[in-house]
Amino acid sequence: MLIFEQSRAGRLNPSHTPVSPAVDDLPAGLLRQQEVPWPQVSELQVVRHYTRLSQKNFSVDTHFYPLGSCTMKYNPRICHRLASLQGFLERHPLAPASHGQGVLACLYELQEMLQEITGLAGFALSPMAGAQGEYAGVAMIRAYHQARQDHERQEFLIPDSAHGTNPATAAMCGFQVREIPSDEQGDVDLDALRQAVGPRTAGIMLTNPSTLGVFERKVLDISSIVHQAGGLLYYDGANLNAIAGRVRPGDMGFDAVHLNLHKTFATPHGSGGPGAGPVGVSQRLLPFLPVPRVTKTEAGYGWITQDQQAVGPLSTFMGNVGILLRAYAYIRLLGKEGIHQVGRYATLNANYLQSRLREAGFQVAFPDRPATHEFIVTLQREAREYKVTALDFAKRLLDYGIHAPTIYFPMLVPECLLIEPTETESKETLDRFVEAMIAIRQEAMDNPQQVKNAPHTMPVGRLDEATAARKPDLVWQG
């Protein structure tokens, strides 16, 4: 029920009556001609209404959230508390550096820690999201080639297992996209790569582990092939959670990397924000790092706000500092060994879940490969034999109190579920997910319509998603 539907005339609490602000200095044409039709409800109704709304949400705070390829892991509350300290919250972005040595010290140390974790030579924290960090990385590669007068390099190579943002980013930066296929084991096809590279190759975009849930075993060969052709390597940091503290993109030969702090370093994530996508580079790309960046001198900490070859600035002031501080606190709390343990436990949980689902009769996309932090189950057999699809499984999982994994991505695998348990889930939670999957598979065999009509326990059933996106009904008509 909408809060407007609970409204009754005369019920509005006098203490909640809106107070009209002074509007003498506003043009008359901008003023409302009618009062805002606020709902007239009691304070208790408001509290109950929004509490019940929050209870309808699936969130990492309340449910297992196996959202593959887009890590939804627990955000430690202590990180929020530390980032909300008075000195951080009340600092004005226009205040001089001398009045913010504490926050600048934290940001400088975060730059240094991200350099160590990735094995790269420099970092900029200002990109406001992973997508913007991705754009910054490709823009720096473009600037590098332009600075060398190497204008022939107009192609970016994108593996077919890449995230969907990768070809979009390359195109936004003015490059032509050339797709590189994967082989049967999920690795980049080296023969196809060798045929594709040449004087037009600006670089290649990939992540490791890939979206197929496997570690790219030939990454050093890929690096050698692309570098020998004069191109550079860009690393999509979406899957760094699997290898942080164990393997470094810089040691694999990557020249640019963006990091999704919400995926690897446990900052809040969802609904388009908040976000932060720091970008790191190898030595050859250092001159092109976006500004502002934090620097340290004998006089203390300060800002680099001007750099002749920089591709920035990319955001107002210094980026999303509240998110950066949460990531800083998270890394400091874990320490070097803790960061190492994150990747180990994420990989352990994924392999345990993959093993249990295989034992239960589910088909794994790459059965000869160990899982990284995520893995793929394909339901093409269930779709063929019982006419129950991955979408049907996903909707039925909601009735079991479990948010569905990513479905139908990557598109290389038909009827797929991309499952990512993260390091923060317990064995009992993973077992409950397996039991739900087994139960749904049995339902598909015995009563497939029960699965195809799911969900049965949600406030709404299956929506016409295309209509909902194109014609959203967002206005209350009393």
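**Why the labels apply: pairs, cores and salt bridges**

Guide: Val364 has Val377, in S11, as its bridge partner. The model is predicted; local features need pLDDT of at least 70 and side-chain atom pairs count only at pLDDT 80 or more, while totals for chains, interfaces and linings use all residues. Residues are numbered from 1 along each chain as its sequence is written, and side-chain values use heavy atoms, with hydrogens and water left out.

Visitor: Which strands form the open sheet, and in what order?

Guide: The order is S10-S11-S13-S12, with antiparallel pairing.

Visitor: What makes S10 and S12 stand at the edges?

Guide: S10 and strand S12 (406-407) each have a single partner strand, so one side of each lacks a neighbour in the sheet. H11 lies across S10, S11 and strand S13 (416-419), at about 15° to S11. That angle is taken between N-to-C directions on a scale from 0 to 180 degrees, with axes fitted to C-alpha atoms and, for helices, over the stretch in contact.

Visitor: How many bridges join S8 to S9?

Guide: Five bridges join these antiparallel strands. Thr297 stands opposite Gly300 in S9, and a hairpin through two residues connects S8 to S9.

Visitor: Why does Gln115 count as buried?

Guide: Buried means under 20% relative accessible area (exposed is over 50%, partly exposed in between; 1.4 Å probe, protein chains only). Gln115 has 17%, so the residue counts as buried. Gln115 is found in helix H4 (residues 101-118). Setting aside neighbours within four places in sequence, Gln115 is in contact with Leu120, Ala121, Gly122 and Phe123, where contact means heavy atoms within 4.5 Å.

Visitor: Which residues touch the most other members of the largest nonpolar core?

Guide: Leu193 and Phe265 do, in a core of 58 residues. Helix H2 (77-83), H4, helix H7 (190-196), strand S4 (201-206), helix H8 (219-228), strand S5 (232-236) and helix H11 (321-359) each give two or more residues to this core. H11 supplies the largest share, eleven residues.

Visitor: What makes a set of residues a nonpolar core?

Guide: The members are buried Ala, Val, Leu, Ile, Met, Phe, Trp, Tyr and Cys residues, joined through side-chain atoms within 4.5 Å. Beyond four places in sequence, Leu193 is in contact with Leu157, Ile180, Ile204, Ile222, Ile225 and Val226. Another core, of 27 residues, lies apart from the largest one and includes Ala350, Leu357, Val377 and Met437.

Visitor: Why is a pair of side chains called a salt bridge?

Guide: The term requires a side-chain nitrogen of Lys or Arg within 4 Å of a carboxyl oxygen of Asp or Glu. Arg369 and Asp187 meet at 3.4 Å, N to O, so the pair qualifies. Arg369 lies in the loop between strand S10 (363-364) and strand S11 (375-378), and Asp187 in the loop between strand S3 (176-180) and H7, so the pair ties together parts 182 residues apart in sequence. Both Arg369 and Asp187 are buried.

Visitor: What does the salt bridge of Arg356 and Asp431 tie together?

Guide: The closest N and O atoms of Arg356 and Asp431 are 3.0 Å apart. Arg356 is in helix H11 and Asp431 in helix H14 (residues 427-446), so this pair ties together parts 75 residues apart in sequence. Arg356, at 24%, is partly exposed, whereas Asp431, at 12%, is buried.

Visitor: Is Asp307 buried or partly exposed?

Guide: Asp307 has a relative accessible area of 30% and is partly exposed. Asp307 forms a salt bridge with Arg293 at 3.2 Å between the closest N and O atoms. Arg293 has 10% and counts as buried. Across the whole structure, 22 salt bridges are found, and Glu116, Arg248 and Asp251 are linked in a network of them.

Visitor: How do you know that Cys106 is too far from Cys79 for a bond?

Guide: A disulfide is a pair of cysteine sulfur atoms within 2.5 Å. The closest cysteine sulfur to that of Cys106 is in Cys79, 12 Å away, which is too far. By this rule the count is zero disulfides. Cys106 is buried at 11%, and Cys416 is buried at 0%.

Methods: Helices (H or I, at least four residues) and strands (E, at least two) are DSSP runs, numbered from the N terminus. Two strands pair if DSSP finds at least two bridges between them.
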